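Please open the model in your viewer and keep the selection panel at hand. The tour begins at the ligand and then moves out to the domains.

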Amino acid sequence: MSRRKQIYEGKAKILYEGPEPGTLIQYFKDDATAFNAQKKATLDGKGVLNNRISEYMMLRLGEIGIPTHFIKRVNMREQLIKKVEIIPLEVICRNVAAGTMSKRLGIEEGEKLPRSIVEFCLKRDDLGDPLLAEEHIHAFGWATQDELDEIIGMTLRINDFMLGLFAGIGIRLIDFKIEFGRLATPDGHQVVLADEISPDSCRLWDSETDKKLDKDRFRRDLGDVTEAYNEVAMRLGIIKPNPGTPPNLSVVTGDK
Ligand code: C5P
């Protein structure tokens, strides 16, 4: 049992009250869910890997000027973050057709899109996160025009950066989902990148073999889910290659 006050429990993470006002602790669970939680499993070590990978992505994006909620990683499963008001949108950016876009529009999975496409879904598990038109977002007041402009601009910059980062380690960034929050400032609020960026929320394919290195391994029963996440962490240089087989999570879990 935790001593801290739990603020929220999601499918893959728990938020606790942070040590200072305006902060939270984000805890990464090993739980995996798909198809709106109809499929569930516990994958040993997934939370540890996602904590490390998300820390890495947030730090790199911070370095190129993307404001984020990330403050620091505090241990192998937890990070200290700034408390934000989550904007109730799942922002999806796609470079290659896959998943729901392939299904919805009948485009073969793997087909390169004519350009990167940003989509919005409403964060509502009970409705299955429905796809939105920008009109819905404005009309129902989920975000203002200015906020949406900022969100789209940041999403495209994040995409450009991540495309290059992953290309450099032999991985194609097919698509990803991110979330944004409103961070209170003395004169209003600032829109910042929140939540996480990990193989749970991205499609990552090996550049040479098209091997899936992301949550589709779980969704589609392809096996070796944490091994694939481990591979991503290893290629990013977050964890050291281990000569043992299968990839040894103790390399990660042994870290503080
Ligand atoms: O399922 P779909 O093709 O719409 O997913 C697009 C991208 O968004 C994928 O990388 C997927 O992992 C991510 N996603 C997510 N959380 C959701 C829905 C999609 O991380 N609830």
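Start by selecting the ligand together with E90, where a polar side-chain atom of E90 lies 2.9 Å from a nitrogen atom of the ligand; this is a polar contact, meaning a pair of N or O atoms within 3.5 Å. This is a predicted model, in which local features need pLDDT of at least 70 and side-chain atom pairs count only at pLDDT 80 or more, while totals for chains, interfaces and linings use all residues. Residues are numbered from 1 along each chain as its sequence is written, and side-chain values use heavy atoms, with hydrogens and water left out.

Now select the shell of residues near the ligand (a heavy atom within 4 Å), which divides into 4 nonpolar, 3 polar and 8 charged residues. Colouring by secondary structure (DSSP runs, with helices of at least four residues and strands of at least two) shows that β9 (89-96), α2 (99-105), β12 (171-185) and β14 (202-206) each supply at least two residues of this shell.

Finally, colour domain 1 (6-84 + 225-248) and domain 2 (85-206) separately, with bounds from an automatic or database domain assignment; their centres, taken over C-alpha atoms, are separated by 18 Å. Their contact (heavy atoms within 4.5 Å) takes 28 residues from domain 1 and 30 residues from domain 2.

Definitions and conventions. A polar contact is a pair of N or O atoms within 3.5 Å; within protein, one must be able to donate a hydrogen and the other to accept it, and residues adjacent in sequence count only if both atoms are side-chain atoms. Ala, Val, Leu, Ile, Met, Phe, Trp, Tyr, Cys and Pro count as nonpolar, Asp, Glu, Lys and Arg as charged, and the others, Gly among them, as polar.
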